[in-house]
Amino acid sequence: MESFPTSHPAALAHHSAVRSIQRVVAETAPLQDPAFARAGILDLLRAHHPLVVTGAGVSTDSGIPDYRGPNGSLRRHRPMTYQEFRHDDAARQRYWARSFVGWRQMSRAEPNASHEILAALQRDGLITGIVTQNVDGLHAAAGARGVITLHGDLDVVACLNCGAKENRARLDARLEAANPGYLEAVQINPDLVNPDGDVTLDQEWIDRFHMVDCRACGSPVLKPDIVYFGENVPQAKKDAARELLATSGSVLAIGTSLAVTSGYRFVLDAKAQGKPVGIINGGPTRGDAKADFRWRSDVASALRWLADQL
């Protein structure tokens, strides 16, 4: 953050956010016998009505990469922090140029079997609800009700000056009008779109991109209505999630490394309340040492097995 002295609060928050992004999730507990783990998680669904907490691993089969998996986007890309986006005009220009190209790949993503199974479990009363760290909207698209989008929704854009909000598709139409021929000329690999909807571009294309202003106040400081690293989850969402946990008999984390505290908090709170915790993930998670059941599996296969048993 060259814009601030190192002691400035924004610089301190930025560096703290970067440390969170770079957190390495290592093995903290021995692997469990898969038969034991899946039987325990099956019992959670049958008898303990879990609150489900999901992460990027639920959406990888929809073509959206995760952050920390074997092919995760962090291996090639560091997400922008809130402090960079808010205070660095060049960083914001870079984000919007990249997002203008990458967002349409995200917008074409459709729910996969994991989203559909979780929506069915909710309809059948086997889970109390879903709290997701994802910003892709695919749980709701699959029919899940009352999903708490902890980190926001990529389909909404907010003005940081006046607070006005705009549908992303409408903003995209304005961006296309301001950048004629841009999308047809730029070349990208659609497999390299990042979880927040942007894609790496050469500086030439970043410089050629023209951003539009807020329709309400004319400010150029528009931001996707998502929680960036270095930004707090809105209190209303924290409260709603806390209330949902209070009505749940357990927590089941699926497809998340729980590296970010906003997700890991549910494991901590469940254990503090004496509620069992299950985890389904393809790799280690921050919550493994506290979980009662740890099923190391790809998400889709695990959820299909559970659905067949139920």
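## Packing of α4 against α7

Helix α4 (residues 89-107) and helix α7 (residues 168-178) have axes that come within 11 Å and cross at roughly 115°; axes are lines fitted to C-alpha atoms over the stretch in contact, with angles from 0 to 180 degrees between N-to-C directions. Helices are DSSP runs of H or I with at least four residues, and strands are E runs of at least two, numbered from the N terminus. From α4, the contact (heavy atoms within 4.5 Å) involves W96, S99, F100, W103 and R104, and from α7 it involves R168, A169, L171, D172, L175 and E176.

This is a predicted model, in which local features need pLDDT of at least 70 and side-chain atom pairs pLDDT 80 or more, while totals for chains, interfaces and linings use all residues. Residues are numbered from 1 along each chain as its sequence is written, and side-chain values use heavy atoms, leaving out hydrogens and water.

## Nonpolar cores

The largest nonpolar core has 31 residues, and W96, Y182 and L201 have the most contacts inside it. Such a core is a set of buried (under 20% relative accessible area, 1.4 Å probe, protein chains only) Ala, Val, Leu, Ile, Met, Phe, Trp, Tyr and Cys residues joined through side-chain atoms within 4.5 Å. Helix α4 provides its largest share, eight residues. Beyond its sequence neighbours up to four places away, W96 touches residues including F85, V157, R168, L171 and P224.

## Cysteines

The structure holds zero disulfides, a disulfide being a pair of cysteine sulfur atoms within 2.5 Å. The sulfur of C214 lies 3.8 Å from its closest cysteine sulfur, in C159, and is therefore too far for a bond.

Definitions and conventions:
Buried < 20%, exposed > 50% of the residue type's maximum accessible area, 1.4 Å probe, protein only.
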